[in-house]
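Trainee: I would like a close look at one part, the contact between the two chains. Please take me through it in one go.

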2 protein chains.
Amino acid sequence: MAKTHTLYQHGTLALLVPGLLDGTITMRELLEHGDTGIGTGEGLDGELVILDGVPYQVDSNGDVNVVKDDFTLPFANSHFAEYRRLTDIEKLSQSELDKKILSMTSNNTFFSLKVHGTFTNIKTRAVKKSHKPYATLGKTAENQSIFLKESVEGTLLSYYSPQIFDGAAVGGFHHHFLSDDHNFGGHVLGFGGATGRVEIQQFDTLEQHLPINNKDYMNYDFSDWDILGEIHNAEN
Amino acid sequence: MAKTHTLYQHGTLALLVPGLLDGTITMRELLEHGDTGIGTGEGLDGELVILDGVPYQVDSNGDVNVVKDDFTLPFANSHFAEYRRLTDIEKLSQSELDKKILSMTSNNTFFSLKVHGTFTNIKTRAVKKSHKPYATLGKTAENQSIFLKESVEGTLLSYYSPQIFDGAAVGGFHHHFLSDDHNFGGHVLGFGGATGRVEIQQFDTLEQHLPINNKDYMNYDFSDWDILGEIHNAEN
């Protein structure tokens, strides 16, 4: 039986900060925990969006690829879709959408949003894959491509995590996007004019899986890092 | 099949801070996720230690009671025991034990310790149950009893959580104790002279369950609180 009340997470946002970018879960394993999700590849290899069980990667060239079962990821979320319709929106910006959703639902539990519609403009990014020895998240993320698109139809797939989980997860909203024609997407930096249908799926459980077989992770001393400070610099 | 790599947690440490002390899981439900665990009752009603499937409560009178299936808790951990022997210790204080364990295992994942042995002295506490409307954690915890015991045999049951989960869980070590004669125990404030056998069980997964059916929790605005600051005041 699919566990539709559970959000699965592999890795933590924190482990990306010092550059622990080994892929520690395969796409095959991630898909055992859901048919919907987001993530990034080993070495921050692009931005992933999983829809209806199909894992799409937006790479740093802006190309959209379907990745194979043995593609590995350092950090990812997945869940089994069972969304319910929440509301319709018309010409909302990202901050207007975030605010509207939080006025309609609790911000004290994890949930996913799926917004299908038209975006008058949207800005995304995808990082270029780096190789070992990895640099820090801040350094690695400097090597990113930024993409802009006007008048695009597609799906915004988002996760919301309560602030107390910031650092383990992405506190607040984390939006990825994939266009209907599979030619555009990535980690969302901002959008305007979103018009469409908003669906929501609330979770009561976070299944947080850690890469305990990865020695670099297990032996790492995080105590010298201002993890939250670094995250907020890199994510914004 | 028992999931011996999973630590189950109901509620968060953070929700106790403003006084969201409703019992939101029954002991029956908690025991479905483990035969070993710790927690506190509704209104901070004592300190729980679950050993071999039996849930013992140390109340604010210092009495040890086996609680019933319908006993409810706002915050608790449980897991299915599959410990392995780690080391033997002789006359260690709490801080010496913590330090020794962290020199032997990774501090980047969740684990449980079970130390059976003799303690030349140990200090515990248990809070007196409060009733609605609840005061804050700081106020409620002022109404606690402190117990001291010399030369006692028993079991120290502990959980360790990586610092990035501080606030959701208790970052670092969280020790509870129950004497072999079931006459003494509680939340451990300190000990000296611990001699005995140390067992460890490492987890790769935190199953974090949130009380999404509790309106007080779901509607609460945590944004005005310095949650971590309040926790560190109350837990130390």
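How much area do chain B and chain A bury between them, and what share of it is on carbon and sulfur atoms?

Mentor: This is a predicted model: local features need pLDDT of at least 70, side-chain atom pairs count only at pLDDT 80 or more, and totals for chains, interfaces and linings use all residues. Residues are numbered from 1 along each chain as written, chains are lettered from A in the order written, and side-chain values use heavy atoms, without hydrogens and water.

Chain B and chain A bury about 2200 Å² between them, 62% of it on carbon and sulfur atoms. Buried area is the accessible area (1.4 Å probe) lost on being put together, summed over both parts. Each side is counted by contact (heavy atoms within 4.5 Å). Chain B gives 27 residues and chain A gives 27 residues. There are zero salt bridges between the chains (side-chain nitrogen of Lys or Arg within 4 Å of a carboxyl oxygen of Asp or Glu).

Now the strands, which are DSSP runs (E, at least two residues) numbered from the N terminus. Strand β14 (residues 205-209) of chain A runs antiparallel to β14(B), joined by five bridges. Strands pair if DSSP finds at least two bridges between them. L206(A) has Q208(B) as its bridge partner.

Last, the symmetry. A rotation of 180 degrees with 0.0 Å of shift along its axis superposes chain B on chain A (RMSD 0.0 Å). That is the relation of a two-fold axis. E207(B) comes closest to the axis among the residues of chain B, at 2.3 Å (C-alpha). The copies meet through the same surface, because 100% of the interface residues of chain B are also interface residues in chain A.

Note on methods
Buried area = accessible area lost by both parts, 1.4 Å probe. Helix = DSSP H or I, 4+ residues; strand = E, 2+ residues; numbered from the N terminus. Least-squares fit on C-alpha atoms with pLDDT ≥ 70 in both.
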